[in-house]
Amino acid sequence: MMRIVFMGSSEASAVTLKALKKSPLLKIIGVVTQPDRPSGRNQRFTPCPCKVYAVENKIGPIISPENVNATETLEQLTAWKPDVIVVVAFGQLLGKRVLELPPHGCVNGHFSILPKYRGAAPVQYAIANGEELSGVTIMQMAEGMDNGDILLAAIEPICSDDTAPALMDRLAILGAVTMTKALRLMLTGNLKREPQNHADATYAKKMQKHDGLIDWTLAAKVIERRIRAYDPWPGVFTFLPNRSAKSGAPERIKVLEAYLLPAAEWPYTVAPGTICALSPIGPLVATGAGGLCLTIVQPEGRRRMDGKSFINGRSLRVGDKLTTQ
């Protein structure tokens, strides 16, 4: 029987926790999550999905420290005497003392095929960059950013219409299965370690709100991938021309879905960002190469709507230009 302390915060973490709970060879002796955070319009303090699952299924004890490396947290981890610490989408960096505490160290489930896309947003970057494959890597954690030895990996194809949540749902299941398998191999002494090729490493930094601003000079295929990759955060957005604004300032519009019109099929020669036609399913917008039909949008402060409703509710004209501010 392997004694496990589990650290996680996201929906994907909860999926792995559920899988580990079901394994007869693994015993979860403690759960560490992020503290409750303000959420929603009323900013009520809300537990993370992993904590919700642990509470509902009586997995614990549970602690939610602001700093996992603090002395009091280290004392609690030491008292639990884990054989290994399992980390999935936890959101805090583990210091040397935590990493070296269990006999088997700390292992992490990372949602990319390392050394590609180390960092906070591997799924978003994989979709945005047009990758055909993603996957899960179970890694022996070290002090650097996702640079530890690879213990086990599994590949997942990226579909041409995948959004970040859709791909993440599949990777969460794959990650849970792969982590469970890795721990079973560790328990029997059959888990091999393979150092990463650090020269091939790429990084997926944490997304910021401004990353979602559409640069219409980019190719249509690049913008369309970002629409899917940046769903739901940071979202992809643009601004309507001042003429159509109701408050005197440019109105921000989130683009939730768009139909891709490749350069070879695009008949217009106009500046990027220009509305070339008002089709029955949404406005056609020129890009640096090809065009996009905006089929689902969300004006700031309002609900999402289809492209036809958007056209009907705004004084858009052919020749209007969407802007970056």
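Analyst: Contact means heavy atoms within 4.5 Å, and helices (H or I, at least four residues) and strands (E, at least two) are DSSP runs, numbered from the N terminus. The model is predicted, with local features needing pLDDT of at least 70 and side-chain atom pairs pLDDT 80 or more, while totals for chains, interfaces and linings use all residues. Residues are numbered from 1 along each chain as its sequence is written, and side-chain values use heavy atoms, without hydrogens or water.

User: Which residues of helix 3 are buried?

Analyst: Buried means under 20% relative accessible area, exposed over 50%, and partly exposed in between (1.4 Å probe, protein chains only). In helix 3, residues 71–80, the buried positions are Thr73, Leu74, Leu77 and Trp80. Seen down the helix axis, these residues fall within an arc of 120° (taken from the directions from the axis to the C-beta atoms), so they line one face of helix 3.

User: What covers the buried residues of helix 3, and which exposed residues does the face turned away carry?

Analyst: The cover includes strand 1 (2–8), strand 2 (26–32), strand 5 (62–63) and helix 4 (96–99). Glu72, Glu75 and Ala79 are the exposed residues on the face turned away from the buried side. Just after helix 3, lysine 81 has a positive phi of about 55°.

User: How many disulfides does a search of the whole structure find?

Analyst: A disulfide is a covalent bond between the sulfur atoms of two cysteines; the criterion is a pair of cysteine sulfur atoms within 2.5 Å. The search of the whole structure finds zero disulfides. For cysteine 106, the nearest cysteine sulfur, that of cysteine 50, is 15 Å away.
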